[in-house]
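Reader: I would like to go through a model one feature at a time. Please give the general idea in each case, then the case at hand.

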Amino acid sequence: MSQTRTRYAGPIREAAVHPHGLVDQGFASDEALAAVLDRYPAELFDINLYDYDDAGQVSLRTGARGRLNGEELLAAIQQGRLWVNLRQVERGWPELWTAAMAEFRTVQAAYPGLRAVRNAGQLILSSPKARVPYHFDAAGVVLFHLRGRKRIFVYPGDETHLAEADMEQVVARQTTEELPYSLTFEADARVVDLEPGQALTWPIYAPHRVENLDRFCVSLSMDFQTWPSRFRNGALYTNAVLRSRGGRPRFTDGMATPELAARWAASLALKRFGGLQSRIAHLDRDFQPEVGVEDGAGALRA
């Protein structure tokens, strides 16, 4: 179905695939990945394990980096059911980041009017049977796929699939990015199977979920902010603060740019003076990667 059902107008109107050249530069080889895992700052690792019930509802476990060397850690990811995000690629792997930014500029040129003012990236290493639950990103995204095969389900960004009250909670870091999900949403999904050398774009904020197709996968997820997205995120944060204090703010859908900009400015002041404290800054970690154990998740050691 068409993916133009979104409340957030922008240059990217539907999910689309673009070519990229990062694979040919060798960034997804075992040797390159093991080497970068050895040196990547431990505080930039997110190691997750997702469990699902029959209704598609998810529970999340988070892990610690542990003491495996890069080669061992790569083996644990390849054999298990782990989803590993290496945040701040611009800091942790600057060579990959430089190459990815060149590819991003080519993708951006395909959308007249798209002007990114800030970019950030995470390298995603995920086990053959890993799945990421229904969620949204509070930014635009270009997903550069480097290795394996991935199936991405992209959903409309209307109130049914993406309630603005839930967006407020995510933007204000009161909850993780996962959203309330119903199996009935599947009739509305655009499904894309992504191969190495392909990059996927979708409308800003569009909910999505991901399944690996029985292969170890490597992708670079590049977030980008535009001034419209920064204004809206600020307005969502301000609304979250107002709602937490008993207010009933109107949805940002009905706000013109000057009002969105004013609420963005208000959000800067609120964050500076403690509007809402993050509830996800320190998630409890209950496992660490281990080779040869179920799911690749071993007991957490001191």
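This is a predicted model: local features need pLDDT of at least 70, side-chain atom pairs count only at pLDDT 80 or more; totals for chains, interfaces and linings use all residues.

Reader: In what order do the strands of the 10-stranded open sheet run, and what is the pairing?

Author: Strands of a sheet pair through backbone hydrogen bonds, either parallel or antiparallel. Here the open sheet of 10 strands has the order 1-10-7-12-5-4-2-3-13-14, and the pairing is mixed. At its edges stand strand 1 (16–19) and strand 14 (297–298); each has a single partner strand, so one side of each has no neighbour in the sheet.

Reader: How many bridges join strand 5 to strand 12?

Author: Nine bridges join these two strands, which run antiparallel. Within that pairing, L123 has L220 of strand 12 as its bridge partner. Strand 12 also pairs with strand 7, again in the antiparallel sense, over seven bridges. There the bridge partner of G140 is F224 in strand 12. Strand 7 in turn pairs with strand 10 (residues 198–201) over three bridges, antiparallel, and V142 stands opposite T201 of strand 10.

Reader: Is strand 12 mostly covered or mostly open?

Author: Strand 12 is mostly covered, with eight of its nine residues buried.

Reader: What about strand 4: how many of its residues are buried?

Author: Four of the five residues of strand 4 are buried, so the strand is largely enclosed by the rest of the structure. Its pairings can be read from both directions. Strand 2 is joined to strand 4 by four bridges and runs antiparallel to it, with I47 opposite V84 of strand 4. Strand 4 and strand 5 are joined by five bridges, also antiparallel, and N85 has I124 in strand 5 as its bridge partner.

Reader: Which strands form the four-stranded sheet?

Author: The order of this open sheet is 6-11-8-9, with antiparallel pairing. Strand 6 (131–135) and strand 9 (190–194) are its edge strands, each pairing on one side only. From one strand to the next, the twist averages 15°. Strand 8 (residues 150–154) and strand 9 run antiparallel and are joined by five bridges; F153 stands opposite V191 of strand 9.

Reader: How should I read the cores, and which residues have the most contacts inside the largest one?

Author: In soluble globular proteins, nonpolar side chains tend to be buried together. The largest nonpolar core in this model has 46 residues, and W93, L123, L125 and F144 have the most contacts inside it. Among the elements that each supply at least two residues are helix 1 (30–39), helix 2 (70–79), strand 5 (118–126) and strand 7 (140–147). Helix 4 gives the most to this core, with seven residues. F144 touches residues including H20, L22, A100, F104, V107, A199 and M222, if residues up to four places away in sequence are not counted. A second, separate core has 21 residues, F153, L179, I204 and V241 among them.

Reader: At what angle do helix 5 and helix 6 cross?

Author: Two packed helices are described by the angle between their axes and the distance between the axes. The axes of helix 5 (residues 164–171) and helix 6 (residues 227–244) cross at roughly 95° and come within 8 Å. That makes helix 5 roughly perpendicular to helix 6. Helix 5 makes the contact with E164, M167, E168 and V171, and helix 6 with N233, L236, Y237, N239, A240 and R243. The residues of this contact comprise five nonpolar, two polar and three charged.

Reader: Is V107 buried or exposed?

Author: V107, which is found in helix 4, has 4% relative accessibility and therefore counts as buried; the cut-off for buried is under 20%. Apart from neighbours within four places in sequence, V107 is in contact with H18, V142, F144 and T201. V107 and A199 are 92 residues apart in sequence, yet 8.7 Å apart in space from C-alpha to C-alpha.

Reader: And D54, is that residue buried or exposed?

Author: D54 has 81% relative accessibility, so it counts as exposed. D54 lies in the loop between strand 2 and strand 3 (58–63).

Conventions
Residues are numbered from 1 along each chain as its sequence is written. Side-chain values use heavy atoms; hydrogens and water are left out. Two strands pair if DSSP finds at least two bridges between them. Axes are lines fitted to C-alpha atoms, for helices over the stretch in contact, and angles run from 0 to 180 degrees between N-to-C directions. Angles under 35 degrees count as roughly parallel, over 145 as roughly antiparallel, 65 to 115 as roughly perpendicular and the rest as oblique. Contact means heavy atoms within 4.5 Å. Ala, Val, Leu, Ile, Met, Phe, Trp, Tyr, Cys and Pro count as nonpolar, Asp, Glu, Lys and Arg as charged, and the others, Gly among them, as polar. A nonpolar core is a set of buried Ala, Val, Leu, Ile, Met, Phe, Trp, Tyr and Cys residues joined through side-chain atoms within 4.5 Å. Buried means under 20% relative accessible area, exposed over 50%, partly exposed in between (1.4 Å probe, protein chains only).
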